[in-house]
Amino acid sequence: MDLGISGKRALVCASSKGLGLGCARALAEAGVDLVMNARGCEALELAAAAIRTEFGVSVTTVTADVTSEEGRAAVLKAAGEVDILVTNAGGPPPGMWTDWEREDFIKALDSNMLTPIALIKALVPGMIDRGWGRVVNITSVSVKAPIAVLGLSNAARTGLTGYVAGTSRQVAAKGVIMNNLLPGLHATDRTVSLDKAASDASGKPAAEIRAEKEAAIPAGRYGTAEEFGATCAFMCSQFAGFMVGQNILLDGGATTTTM
């Protein structure tokens, strides 16, 4: 399928590994030039070099913490005018409700709510001027089914979901399509760290923790970065113009919900 976005330019945040890299690779395969951002230089440059070689697209890299004002400014300067924005940031650490103070919530909001909003505000006006744009925010299954130990993430990402619900409907008529992509359990470093935390708390081996989680997923496995990226690329495509303000759940059927 020709996604109709060859020659477009995309900023993909936190794209040196995991789901962000899956999105960057799928967009590059569709012919999209990339601005890739991550905090770690080595992994970012390796990922970018592989994409240039495999797909022949232009890739600009920016090593910066996009959740900081300085890092965000550097990313936006390098990005310039982009047609596609994929927001993404690692989630806050797990814990109990008694563990978290105001500062913990402020940090979570900065990373998982206010940073995507700042990027949207900076880049969507240009998309409106050009009459075409796509925004995909990588959030979490927790906005539909809260995860008890991820209270910081639940709160911050749900706030972003509410913001997108209104904003997406204000910009759709201008040709800018904005949606959220909600990952369940995927085989990424983030999931490995959560499995380890569960292992440390329970005393069970991490492999047993993973097996128990996979058994609870109707698909019987964790998702892959490749299939996640393909879904993201479709949401950025010419065919997504009637998909506005939606929360696309990609969790192998683990969340029991009718909507």
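Q: Is glutamate 81 buried or exposed?
A: Glutamate 81 is exposed, with a relative accessible area of 59%. Exposed means over 50% relative accessible area, buried under 20%, and partly exposed in between, with a 1.4 Å probe and protein chains only.

Q: What kind of model is this, and how are residues numbered?
A: The model is predicted, so local features need pLDDT of at least 70 and side-chain atom pairs count only at pLDDT 80 or more, whereas totals for chains, interfaces and linings use all residues. Residues are numbered from 1 along each chain as its sequence is written, and side-chain values use heavy atoms, with hydrogens and water left out.

Q: Which residue does glutamate 81 meet in a salt bridge?
A: Its partner is arginine 130, at 3.5 Å from N to O. A salt bridge here is a side-chain nitrogen of Lys or Arg within 4 Å of a carboxyl oxygen of Asp or Glu. The pair links distant parts of the chain, 49 residues apart: arginine 130 is in helix 4 (residues 102–130), and glutamate 81 is in the loop between helix 3 (69–79) and strand 4. Helices (H or I, at least four residues) and strands (E, at least two) are DSSP runs, numbered from the N terminus. Arginine 130 is partly exposed, at 34% relative accessible area.

Q: How many salt bridges are there in the whole structure?
A: A search finds nine. One of them joins glutamate 54 to arginine 25, with the closest N and O atoms 2.7 Å apart. That pair also links distant parts of the chain, with glutamate 54 in helix 2 (residues 41–55) and arginine 25 in helix 1, 29 residues apart. Glutamate 54 is partly exposed at 47%, and arginine 25 is partly exposed at 27%.

Q: What about helix 7, where glutamate 214 and arginine 210 lie?
A: Their side chains meet in a salt bridge at 3.0 Å, N to O. Both residues lie in helix 7 (residues 206–215), four residues apart, about one turn of the helix. An α-helix has 3.6 residues a turn, so residues three or four places apart point the same way. Glutamate 214 is buried, at 18% relative accessibility, whereas arginine 210 is partly exposed at 33%.

Q: Changing topic: which residues of helix 8 are buried?
A: In helix 8 (residues 225–235), the buried residues are Ala225, Phe228, Gly229, Cys232, Ala233 and Met235. They cover an arc of only 155° around the axis, which puts them on the same side of helix 8. The arc is that of the directions from the helix axis to the C-beta atoms.

Q: What do they pack against?
A: They pack against helix 1 (18–29), strand 4 (84–87), strand 5 (133–138), strand 6 (176–183) and strand 7 (247–250).

Q: Where is serine 16, and what does it contact?
A: Serine 16 is in the loop between strand 1 and helix 1, and it is buried at 13% relative accessible area. Leaving aside neighbours within four places in sequence, serine 16 is in contact (heavy atoms within 4.5 Å) with Leu21, Asn37, Ala38, Ala43, Leu44 and Ala47.

Q: What is the phi of alanine 14?
A: Phi of alanine 14 is near 45°, a positive value in a residue other than glycine. Alanine 14 lies in the loop between strand 1 (9–12) and helix 1, and is partly exposed at 26%.
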